[in-house]
Amino acid sequence: MSVMAYRDALNLALREEMHRDDRVFIMGEEVGAYQGAYKVTKGLLQEFGKRRVIDTPIAEAGFVGAGVGAAMAGLRPVVEVMTFNFAVAAMDSIVNTAAKVHYMSGGQVSVPMVIRGPGGSARQLAAQHSQALEAWFCHVPGLKVCAPGTPRDARGLLKSAIRDDNPVLVIESELLYGATGEVPQAEDLIPLGVAAIVRPGRDCAVIAYSKMVREALAAADTLAAEGIEVEVVDPRTLRPFDWDTVLASVRKTKRAVVVQEGWTFCGVAAEIAAKISAEAFDELDAPVERVTSLDVPLPYARPLEAATVPEAGRIAAAVKKALYLV
């Protein structure tokens with residue numbers, strides 16, 4: 001094992017896949033000469049050259065669309081969006097073309113491309129740069145969506161995404177880019193659609209992904225001091241979703257708290273809570289709780305931002321509510 005930062009694990013995945021398959025290339029704003037807004041593409045231009053590491057204008061609708069066309073022509077583009085907030089400008093290419101072409105062509109044409117970049121809040125980036133929009137993409141059949149929460153998962157999921165024959169969105173977190181963790185030195189693919197039990201427990205299942213995993217683990221540490229053992233489950237891939245692992249955890253603990261950074265209404269947590277209620281209703285000892293961002297555009301002011309985004313204290317309170325302790 002090596003210890004490395006989340007951004008370096010993503011960089012390693014890109015480097016390994018570009019060496020393995022010369023059809024893989026990178027495209028996006030500042031990915032080349034500037035080496036990435038968050039340095040995920042550091043050193044790749046020098047190693048692979050301008051034909052495979054391509055700087056683009058600030059024009060998401062154009063370069064995401066070009067990525068779709070390149071994938072349809074047989075290449076394997078990895079398109080970086082500086083933030084998934086900007087991917088909104090390219091929704092027509094993502095939703096109406098990338099997600100649909102394989103189905104509409106009767107399987108004759110595939111779109112093996114990856115769209116990756118950060119989503120969600122960071123530190124005082126304000127409303128237009130802090131949105132957790134993964135529910136929008138999960139809603140669309142034909143797209144796969146990952147949200148890695150550790151360096152190991154970041155590398156393994158990105159490698160699997162690049163090798164997948166479908167359009168895959170890898171939604172990272174700006175606050176995780178500097179986070180460190182163990183990454184195997186050998187080849188390590190994390191399959192899409194396979195969850196992980198991050199921390200075993202007996203009293204309540206907490207389902208969380210991306211940087212919310214850290215908050216869930218912090219809440220679990222606090223609750224353990226009070227004798228409450230929380231099981232933290234990270235789905236890692238949001239579509240396809242590993243229902244078997246999540247439902248098994250809920251059936252074991254009899255209680256569930258679902259955590260997401262996005263808004264409550266029509267969110268990913270709503271889908272997970274509905275499925276748990278439908279499939280494991282008779283085994284639940286309490287209603288499924290959800291912990292989400294408050295239903296407002298994210299404020300710029302630091303105290304208001306902190307009050308809006310889910311954190312360990314709110315997760316611990318939700319667990320206690322599920323246990324009828326408050």
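Mentor: Buried means under 20% relative accessible area. Keep in mind that this is a predicted model.

Trainee: Fine. How many aromatic pairs are there?

Mentor: The count comes to 4 aromatic pairs. One of them is Phe84 with Phe137, an edge-to-face pair with 5.7 Å centre to centre and 70° between the planes.

Trainee: Where in the chain do Phe84 and Phe137 sit?

Mentor: Phe84 is in the loop between β4 (76–80) and α4 (91–98), while Phe137 belongs to helix α6 (residues 134–138). They are 53 residues apart, and the pair links distant parts of the chain.

Trainee: Why is Phe137 called buried?

Mentor: Because its relative accessible area is 0%, and the cut-off is under 20%. Phe84 counts as buried too, because its value is 2%.

Trainee: What about Phe241 and Trp243, how is that pair arranged?

Mentor: Phe241 and Trp243 form a tilted pair, with 4.2 Å centre to centre and 40° between the planes.

Trainee: Are those two buried or exposed?

Mentor: Both Phe241 and Trp243 are buried.

Trainee: Changing topic. Which charged end sits over the ring of Trp243?

Mentor: That of Lys275, at 5.5 Å from the ring centre. Tyr34 has a charge over its ring as well: the charged end of Lys39 lies 3.6 Å from the centre.

Trainee: Last one. Which residues form an aromatic cluster?

Mentor: Tyr6, Tyr38 and Tyr177 form one cluster.

Conventions. Residues are numbered from 1 along each chain as its sequence is written. This is a predicted model: local features need pLDDT of at least 70, side-chain atom pairs count only at pLDDT 80 or more; totals for chains, interfaces and linings use all residues. Side-chain values use heavy atoms; hydrogens and water are left out. Rings of Phe, Tyr and Trp (its six-membered ring) pair if their centres lie within 6.5 Å; planes under 30 degrees apart count as stacked, over 60 as edge-to-face and the rest as tilted. Helices (H or I, at least four residues) and strands (E, at least two) are DSSP runs, numbered from the N terminus. Buried means under 20% relative accessible area, exposed over 50%, partly exposed in between (1.4 Å probe, protein chains only). A charge sits over a ring if NZ of Lys or CZ of Arg is within 6 Å of the ring centre and within 35 degrees of the ring normal.
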